[in-house]
Amino acid sequence: MQFEYVLLALLAGRPLSGYDLRKWVETEGQFLRSRAHHSQIYRLLGRMVADGWVAFEVDPREGRPDAKVYRLTPVGREALLDWVRSPYEPPSRFQDADFLSRFAFAAVLDREAAIRLIRTELDYRREQIARNRPRDRTVRFEDPLPELDQELAREVYEELHQYGAGAMDAWVAWLERMLRRLEQWQPGPKAPPAGEESTR
């Protein structure tokens, strides 16, 4: 997962300072990317400014350092939408951070792209289950270390398999549920732009 796209997606909602982005990474973002250091966020922001994806204004702060507040440019918007709509290749490990972040932002930016993403993931996981669930899971040992408890090893491996199978089934059920919700989604009336009152 290229983390700059997550930052672009956050800026799609509203302008944010580097501090705001860092706080998000330390809270919600920790579930998408582990150990993202704040210096990396500022390096990415600098590169995104240089690439024309974002621009910033300086927000003077009394008694504190001034803050740069970043917003998407038209070039950044196109880069974000290209990422959301790009082909997705599922990895063998499910609940991948790239899928989760892409889905979170695709669902609100381009519902059809999110539907394609979920269908791709679902097809891959169903095929993975069909191929692997009935495999021979017999654990065989030959000249094992004397410390290795063979009986316990077989029990632990079976427990891990059962846990993994249950987690995969729960993942597939969640994907199916989200696919139905996206396919049936009926958006309500759009809210008026900020600062404008509804005439109703």
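Biologist: Is Leu-152 buried, partly exposed or exposed?

Modeller: This is a predicted model, in which local features need pLDDT of at least 70, side-chain atom pairs count only at pLDDT 80 or more, and totals for chains, interfaces and linings use all residues. Residues are numbered from 1 along each chain as its sequence is written, and side-chain values use heavy atoms, with hydrogens and water left out. Buried means under 20% relative accessible area and exposed over 50%, with partly exposed in between (1.4 Å probe, protein chains only). Because its relative accessible area is 46%, Leu-152 is partly exposed.

Biologist: What is the area of the nonpolar surface patch that includes Leu-152?

Modeller: Patch residues have over 30% relative accessible area and no salt bridge, with like charges joined within 9 Å and nonpolar side chains (Val, Leu, Ile, Met, Phe, Trp, Tyr) within 5 Å. Areas come from the Shrake-Rupley method with a 1.4 Å probe, and for residues only the protein chains shown count as cover. Leu-152 belongs to helix H7 (residues 150–184), helices being DSSP runs (H or I, at least four residues) numbered from the N terminus. Together with Val-156, Tyr-157 and Leu-160, Leu-152 makes a patch of about 380 Å².

Biologist: Which helices each supply at least two residues of the lining of the largest pocket?

Modeller: On a 1 Å grid over the protein atoms alone, a pocket is an open set of points with protein on both sides within 12 Å along at least five of seven lines, and lining residues have an atom within 4 Å of a point. The largest pocket has a volume of about 410 Å³, where a volume is the space filled by probe spheres set on the points, which are joined across faces, edges and corners. Its lining includes Ala-107, Val-108, Leu-109, Met-178, Arg-181 and Trp-185. The helices that each supply at least two lining residues are H5 (97–109) and H7.

Biologist: How many nonpolar, polar and charged residues line the second largest pocket?

Modeller: This pocket has a volume of about 250 Å³, and four residues of its lining, the largest share, come from H7. Ala, Val, Leu, Ile, Met, Phe, Trp, Tyr, Cys and Pro count as nonpolar, Asp, Glu, Lys and Arg as charged, and the others, Gly among them, as polar. Among the lining residues are Phe-94, Gln-128, Arg-133, His-161 and Met-168. The lining divides into four nonpolar, five polar and two charged residues.

Biologist: With which residue does Arg-133 form a salt bridge?

Modeller: A salt bridge places a side-chain nitrogen of Lys or Arg within 4 Å of a carboxyl oxygen of Asp or Glu. At 28% relative accessibility, Arg-133 counts as partly exposed. The closest N and O atoms of this pair are 3.0 Å apart, and the partner is Asp-169. The pair links distant parts of the chain, 36 residues apart, with Arg-133 in the loop between H6 and H7, and in helix H7 the partner Asp-169.

Biologist: How far apart are the closest N and O atoms of Glu-127 and Arg-131?

Modeller: Both residues lie in helix H6, four residues apart, about one turn of the helix. Glu-127 is partly exposed at 38% relative accessibility, and Arg-131 is partly exposed at 45%. Their salt bridge has a closest N and O separation of 2.3 Å.

Terms used:
1 Å grid on protein atoms, 1.4 Å probe; cavity = no way out; pocket = protein on both sides within 12 Å on 5 of 7 lines; lining within 4 Å.
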